[in-house]
Amino acid sequence: MANTVLLVLIIMYMIGMVILGALDSRKAKTFKEYAVAGKNQNTYKVCMTTLATIVGASATIGVVDTTYKIGFPGMWWLVFGAIGLILQALLISKKVRRLDADTLPDMARILVGRNAEVLISLIIVISWVGVVAGQLVALNNIMSLVLGSNSKKIFVLVSIAVLIYTILGGQMSVVKTDAIQYVIIAVGIVATFIYLIFVNKSNVGMITDNIELINDGYKPINLLTQFFIIGGVYFLGPDIMSRNLIAKDERTAKKSALFAAAGLLIFTVFIVFIGMWARYNVLPEEFGKSSLLIYVIEHYLPKPVAYIMVIAIISAILSSTDTCIINASSIFVKDILKKDSIKLIRITVLVIGAFAMGIALKGQDIITILTGAYSIYTPGVIFPLFIAIVVYKHGEIIKALWLSAVLFGGLFGIVGTYFPQLLKGLPEFVKNNFSLIGMGVSLVLALISVKWKSVKKVEE
C-alpha cells in the first residue's frame, strides 16, 4: 500500500507533534511542570490523556488479533481494564492523590520507605522498556503498510520524532497531544466500524450469533488470570496512576478515572466488533504473519477510511508510547538517581527509546511483549502497594516482609514468563499460571507484613 499522499500526511502530522512539543518546552520550566504537568490538569484533560494512554497498540492491533483467534472473549482485555479503572476510582484514587507524590515509586517511598522506592522503580523501568517496545513494534508494522515494504530507516526516523516531541515538552506536551490523538483514534475506529458492519455487511449475522463470554479458546481460568494481571495494571499501574498524579485535586482524579472507564467500555464495543468482522471474513492464509488489523485496512477499507484509520492507529501508538517513556524516564531520574533534573529525564528518554527500538526491530508479537512486561510488574507490585495504601496511617509495615512480597511476586512473574523450562515436573496448571500464583504469594506476604494499630491508638 505504498502511498505518497498518506506518507505526506504522516510526515505533516509528526511535524505538528514536534511543533507542539517545542511550544510546550517553553512552559515546562520546573521539574513538576515537566514531569507531572504542574499537577493542575482538569477533568477533561486527565480523562482524555488516560484514554489515549490506554488505547495504544494492545487496545487496537492486539485486541483485533486476539478477537480473531478466540472470538468475542477478546473483549476481556479492555473490559478488565475498565473494571481496574472503576476500582481505582472507588478504592484508592483520592487516597493516592492526597499523598502528593510525583511518581508511583515516590508514593511507595512515602508509604514504606526508600528501599521500596528503589525496588519498584527498577521493576517499572525494566518492564516498561518492553511496554514501549510493544508500541514500537506496532509502529513498525503500520509504517511498513504505508511504505509498501519494511524500511528500518523510516521506522527509526518516525520513532525519533516521537522521542523529540516527548523530550521537548515532557508531560505538558504529552497531555496536550494525547487529547488531539484520542479524537483522531475515536474518529478512525468509528469510521472503520460503520463501514465494515453497516456498509460492507459481510457475514454480520455470524458476528451476532457468536457473541459469547467464554469458549474453548478462552476458559474461566483465563478470566481470573487477566482480571489480576491485566486489570491490575489499570488499577495501580505507573502510567494510569501518573494520570491521577497530574490531576489538580482528589475529586478530579476520581471523576477522570470513572469517565475514562466509561469511554473505554464504549471503545471496546467498536474495536471488538471490528475483530469479529475480520474473524468471519478474512482467511488466515490471506494475511499470513502480518497484523490482521493492518491487513484489513489495506485490503478491505476504501481509501478515505483507510487513511483515517492509519492516522488513528499511529495516534494510538504515539499516545501510549510518549506516556510510557516519559513516566519510565521520570521514575529513573527522580526515584533511582534522586535528581529533579529535566536534562537527565531527556537523556533517559533517548536511552530507553534506543533500547525499545532495538527490541522492536526483532518484530515480536505485540501482545506477547506487553503480557510479558505486565507479568513481571503485576505479581510483584499491585497487592503490596495496594495494601500499603490501605494501611497508611492505620497501621505499620514490616518493611523486610513487604519488600520480600514484591521480590517473590516479581520473581514468580519472571520465571513463569521467561524461564518456563525451570518449571519442568510441576503440574500443568501450576506452570501455566505461575505469575498468578506469584501474585497470591505476594498478597499473603504483604498481608503478613502489616501490623494494625489499635482503634485507641488511631484516635489518639
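## Helix α12 against helix α16

Helix α12 (residues 238-245) packs on helix α16 (residues 303-336) at an angle of about 80 degrees, and their axes lie 10 Å apart; the axes are lines fitted to C-alpha atoms, for helices over the stretch in contact, with angles running from 0 to 180 degrees between N-to-C directions. That makes α12 roughly perpendicular to α16, on a scale where angles under 35 degrees count as roughly parallel, over 145 as roughly antiparallel, 65 to 115 as roughly perpendicular and the rest as oblique. From α12, the residues P238, D239, S242 and R243 meet T323, C324, N327 and I331 of α16, where contact means heavy atoms within 4.5 Å. The residues of this contact divide into three nonpolar, three polar and two charged; here Ala, Val, Leu, Ile, Met, Phe, Trp, Tyr, Cys and Pro count as nonpolar, Asp, Glu, Lys and Arg as charged, and the others, Gly among them, as polar.

Helix α12 is mostly covered, since eight of its eight residues are buried, buried meaning under 20% relative accessible area, exposed over 50% and partly exposed in between (1.4 Å probe, protein chains only). The buried residues of α12 include the charged D239 and R243.

## Basis of the model

This is a predicted model, in which local features need pLDDT of at least 70 and side-chain atom pairs count only at pLDDT 80 or more, while totals for chains, interfaces and linings use all residues. Residues are numbered from 1 along each chain as its sequence is written, and side-chain values use heavy atoms, with hydrogens and water left out.

## The protein as a whole

The protein contains 22 helices and two strands, which are DSSP runs numbered from the N terminus (helices H or I, at least four residues; strands E, at least two). Its radius of gyration is 22 Å, close to the 23 Å that the globule rule gives for 460 residues, so the protein is as compact as a globular protein of that length; the radius is taken over C-alpha atoms, and the rule is 2.2 Å times the number of residues to the power 0.38. Along the principal axes, the C-alpha atoms fill a box of roughly 70 × 55 × 40 Å.

Of the 460 residues, 58% count as buried. Among contacts with a separation of 6 or more, 85% come from residues 24 or more positions apart.

## Helix α5 against helix α13

Helix α5 (residues 76-91) and helix α13 (residues 250-279) pack at an angle of about 170 degrees, with their axes 8 Å apart, which makes α5 roughly antiparallel to α13. The residues of this contact comprise 15 nonpolar, three polar and one charged; among those that meet are L78, V79 and L85 in α5, and K254, L264 and F267 in α13.

S173 lies in helix α9 (residues 152-200) and counts as buried, at 0% relative accessibility. Not counting residues up to four places away in sequence, S173 touches L20, G21, D24 and Y165. T348, in helix α17 (residues 342-360), is buried with a relative accessible area of 9%, and, leaving aside neighbours within four places in sequence, T348 is in contact with S329, F332 and V333.

S435 belongs to helix α21 (residues 434-448) and is buried at 11% relative accessibility. Beyond residues up to four places away in sequence, S435 touches I229, S375, P379, F412, G413 and T417; S375 is 60 residues from S435 in sequence, with their C-alpha atoms 6.2 Å apart in space.
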